[in-house]
Amino acid sequence: MELSIQKIEALSNQILEKIGVPNDEAKIITDTVKYAHLRGKGTHGIGRYSIYNRKIEENLMQANTDLTVISDSGTSIVLDAQNGFGQVATYKGMELAIKKAKEFGMGAVAIRHSNSFGTSGYFVDMAADENMVGILFANSGPAIAPTGGNKPLFGTNPIGIGFPGGNNKPNVILDMATSNAARGKIRLAALNNEEIPQGWAIDNKGNPTTDANEALKGSMVPIGDHKGYGLSLIVDVLAGLLTGAAFGGDVNRLNHKDKISNYGHLILVMDIERFQTLTDFKTKMDYLTRNVKETKVEQEIFLPGESSYIRQELAKGVVTLTDKQVELVNNLIDKIQLSNDLKL
């Protein structure tokens, strides 16, 4: 189904308000959802709201995100998200990291007791818009087994890195998981009763599978085999162990039936102008971009995040939801007793 992004925005805000999210925080969550849908990452979009609602109802997640400062020592700050929304915690954490980077040249924000924040690109884009380098690490529920192991221990642990592009060019945004595919894509395939590509996952016996449901019982395949496992472990240490969140297989998936998630996030921001002038940086980025694009053989070569930026521009405010996503949203509208007029 094709929908205007304005429809997504209005519906998102009304759903979040109904389930008890404060208005200012709902706007943050909605903005991340709009970004996800426009950038082709709809698995992190409005279809997840039924999970949030269930967790809030069962006291496994808080509707409001009451950030508490654990420690603040100049360039670094540790925050407790109090089991609230990861989007709100990370947005406010990124704001703090940017503020510290402007003052000290660098800023680091560690967040514990959080939940999934959606897509990491949204947050590092905030830093890039301020002419800074933004780096974001996050751990998540077990989905990847150590190389040679048979039990998922590490999440697909998103990594986000963003910085300004060249003159009059979009920000360069690396938004990746440590698996060959994001787990959200497999969840969506399972919801839609679709097969997944070979090489995305193994079943619980260690065999390659194209069955999305079997993949969810097994393990994601890490990028680059042992290298992806190594990245997953490193992110688990930085985003989980270091921040005071869960780690080492103790993080619970967003949709766990009866446990809180306790995700951790680590945000790092660097002020480019503490290293060189922004003019010099962008001139060099122009040089780099030109060299990259001149290597093409036939198809256009894109810098990280460029194709999703173009997708957003071409979308002209119209996004597509799968039938299953539409069903999830409509069922939630019924469950929380919003007007039938809001149904998709």
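Which residue in the hairpin of S2 and S3 takes a positive phi? Gly74 does, with phi near 75°, and the hairpin has 2 residues between the strands. This is a predicted model: local features need pLDDT of at least 70, side-chain atom pairs count only at pLDDT 80 or more, and totals for chains, interfaces and linings use all residues. Residues are numbered from 1 along each chain as its sequence is written, and side-chain values use heavy atoms, with hydrogens and water left out.

- Strand S2 covers residues 68-73 and strand S3 covers residues 76-80. Strands are DSSP runs of E, at least two residues; helices are runs of H or I, at least four; both are numbered from the N terminus.
- The two strands, S2 and S3, pair in the antiparallel sense over 5 bridges. Pairing requires that DSSP finds at least two bridges between two strands.
- Thr68 has Asp80 in S3 as its bridge partner.

**Open sheet**
- An open sheet of 3 strands runs in the order S9-S8-S10, with antiparallel pairing.
- Strand S9 (208-209) and strand S10 (219-220) stand at the edges, each with a single partner strand, so one side of each has no neighbour in the sheet.
- Strand S8 (residues 201-202) is joined to S10 by 2 bridges.

**Helix packing**
- Helix H2 (residues 23-38) packs on helix H4 (residues 86-104) at an angle of about 95°, with the axes 9 Å apart. Axes are lines fitted to C-alpha atoms, for helices over the stretch in contact; angles run from 0 to 180 degrees between N-to-C directions.
- H2 is therefore roughly perpendicular to H4 (under 35 degrees is roughly parallel, over 145 roughly antiparallel, 65 to 115 roughly perpendicular, the rest oblique).
- Glu25, Ile28, Ile29 and Thr32 in H2 meet Gln87, Val88, Tyr91 and Lys92 in H4 (contact: heavy atoms within 4.5 Å).

**Largest pocket**
- The largest pocket holds about 570 Å³ of space. A pocket is an open set of points on a 1 Å grid over the protein atoms alone, where a 1.4 Å probe fits, with protein on both sides within 12 Å along at least five of seven lines; lining residues have an atom within 4 Å of a point.
- Of its 31 lining residues, His44, Thr156, Ala177, Ala182 and Arg183 are the closest to the centre.
- Strand S7 (172-176) and helix H6 (183-191) are the elements that give two or more residues to this lining. H6 gives the most, with 4 residues.

Conventions. Points joined across faces, edges and corners; volume = space filled by probe spheres on them.
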